[in-house]
Amino acid sequence: MKPFRIAALLTALSILAAGPALAQKIQINGAGATFPYPIYSKWFSEYNKLHPEVEINYQSIGSGGGIRQLTNQTVFFGATDGPMTDEQQQAAPGRILHFPTVLGGDAPVYNIPGVDTELKFTGKVLADIFLGKTTKWNDPAITALNPSVKLPVTDITVCHRSDGSGTTYIWVDFLAKVSPEWKQKVGVATSVNWPVGVGGKGNEGVASYVQRIEGSIGYVEYAYVLQNKRAFAQVRNREGNFVAPSAKAFQAAAVGADWKASPGMYLILTDAPGKDAWPIAGATFILMHRTQDKPENAREVLKFFDWAYAKGDGLAQELDYVPMPDGVVRLIQSNWKSQLRDSTGKPVY
């Protein structure tokens, strides 16, 4: 056999032996919110073990950074804890699809000397505290909700985030829905001009202040409460029921929300209907351009999230995230089919 034929045969045999290892790798880059980073990293790693040809990279740079990079088209997908504003949508080079991946929420935490009971609050009472209108723990508005608790005359110190965050967005969005005064004077954003209080960076900063300052109250992510065994309060929801934060209560908020009313699926779940719904809940979102120049990459991203919704719940719960309810997942998957298109107008998935 001639040398060149032997070389060709050896090359063919090596390709056959290598099999899938020589399959073309697909690399997809995303960036955005810090809140879902631990679960996204875990999901991406586990999925890559099953599909080594697909590598999904994610930079945890904050919700604002994810929106900017998606808008500038430097990443394939973005991630945010707060939906894009109308102004941000208009600045994007095309329509953007949001879809929620996991649920979370905020929990009020407090440090009152001599009180270890699970206190009850309404949204209005919380708003008045954070506005600086209610300044003592034995204020009649608080004692009326907690008649069996002996509350001290202690001054209330408000602890809030000093950095912009999705946690703050959820908190102030709830306050704006239950207090017209909050909506008018402070508003809703990932970072606001707080009327009163001290600011700490991150959940750990707020929690540290609450732990050190007697008479303080703040808000932190529910996952942080669980991991650090913090005491938290009950809050009255839209139906008039006092509920505690829990995975079940977050899912109840998601089930009760009208996702069909938002074709982009960007709903804030605060003050959601449902007798068991936690009123300060929220979802974190993936952002994708509705018109896809690289439909093959879009299909791989959606295949991944199909897997995550079907197989990733256990991993999410291990990291204290709350999976999306099955009914909402079906709506998300239906939205993919109806809204994501390639440049010729054909469905991507």
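Three nonpolar, six polar and three charged residues make up the lining of the largest cavity. The model is predicted, so treat it as such while you look.

**Stop 1: the largest cavity**

Select F35, D81, G104, G105, D106, G166, T167, I170, E221, G282, A283 and T284; these residues line the largest cavity. Colour β4 (96-111), α7 and β11 (281-289) next. These are the elements that give two or more residues to the lining of the largest cavity. The space inside the largest cavity is about 80 Å³. How many cavities of 30 Å³ or more does a search of the whole structure find? The search finds three.

**Stop 2: the largest pocket**

Now select T34, F35, D81, G166 and E221. Of the 31 residues that line the largest pocket, these lie nearest its centre. F35 is one you have already selected, as it also lines the largest cavity. The volume of the largest pocket is about 590 Å³. Show α3 (63-71), α7, α9 (202-212) and α10 (222-228): each supplies at least two residues of the lining. Colour the lining by class and you get 11 nonpolar, 16 polar and four charged residues.

**Stop 3: the second largest pocket**

Move on to Q73, V75, F76, H289 and D293. They lie nearest the centre of the second largest pocket, which is lined by 17 residues. This pocket holds about 420 Å³ of space. Which element gives the most to its lining? Select β1 (26-32): with three residues, β1 gives the most. β12 (291-292) also supplies at least two residues. By class, the lining divides into four nonpolar, nine polar and four charged residues.

**Stop 4: α5 against α7**

The crossing of α5 past α7 is left-handed. Show side chains for the contact: G123, K124, L126, A127 and F130 come from α5, while W171, F174, L175 and V178 come from α7. Seven of the contact residues are nonpolar, one is polar and one is charged.

**Stop 5: α2 against α12**

Select helix α2 (residues 37-50) and helix α12 (residues 295-311). Are they roughly parallel or roughly perpendicular? Their axes come within 11 Å and cross at roughly 105°. That makes α2 roughly perpendicular to α12. On the α2 side, pick W43, F44, E46, Y47 and L50; on the α12 side, pick K303, F304, W307 and A308. This contact has seven nonpolar, no polar and two charged residues.

**Stop 6: α12 against α14**

From α12, select L302, F305, D306 and Y309; from α14, select V329, I332, Q333 and W336. These residues make the contact. Six of them are nonpolar, one is polar and one is charged.

Methods:
Residues are numbered from 1 along each chain as its sequence is written. This is a predicted model: local features need pLDDT of at least 70, side-chain atom pairs count only at pLDDT 80 or more; totals for chains, interfaces and linings use all residues. Side-chain values use heavy atoms; hydrogens and water are left out. A crossing is left-handed if the near helix is turned anticlockwise from the far one by less than a right angle, and right-handed if clockwise. Helices (H or I, at least four residues) and strands (E, at least two) are DSSP runs, numbered from the N terminus. Contact means heavy atoms within 4.5 Å. Ala, Val, Leu, Ile, Met, Phe, Trp, Tyr, Cys and Pro count as nonpolar, Asp, Glu, Lys and Arg as charged, and the others, Gly among them, as polar. On a 1 Å grid over the protein atoms alone, a cavity is a set of points where a 1.4 Å probe fits but cannot get out, and a pocket is an open set with protein on both sides within 12 Å along at least five of seven lines; lining residues have an atom within 4 Å of a point. Grid points are joined across faces, edges and corners, and a volume is the space filled by probe spheres set on the points. Axes are lines fitted to C-alpha atoms, for helices over the stretch in contact, and angles run from 0 to 180 degrees between N-to-C directions. Angles under 35 degrees count as roughly parallel, over 145 as roughly antiparallel, 65 to 115 as roughly perpendicular and the rest as oblique.
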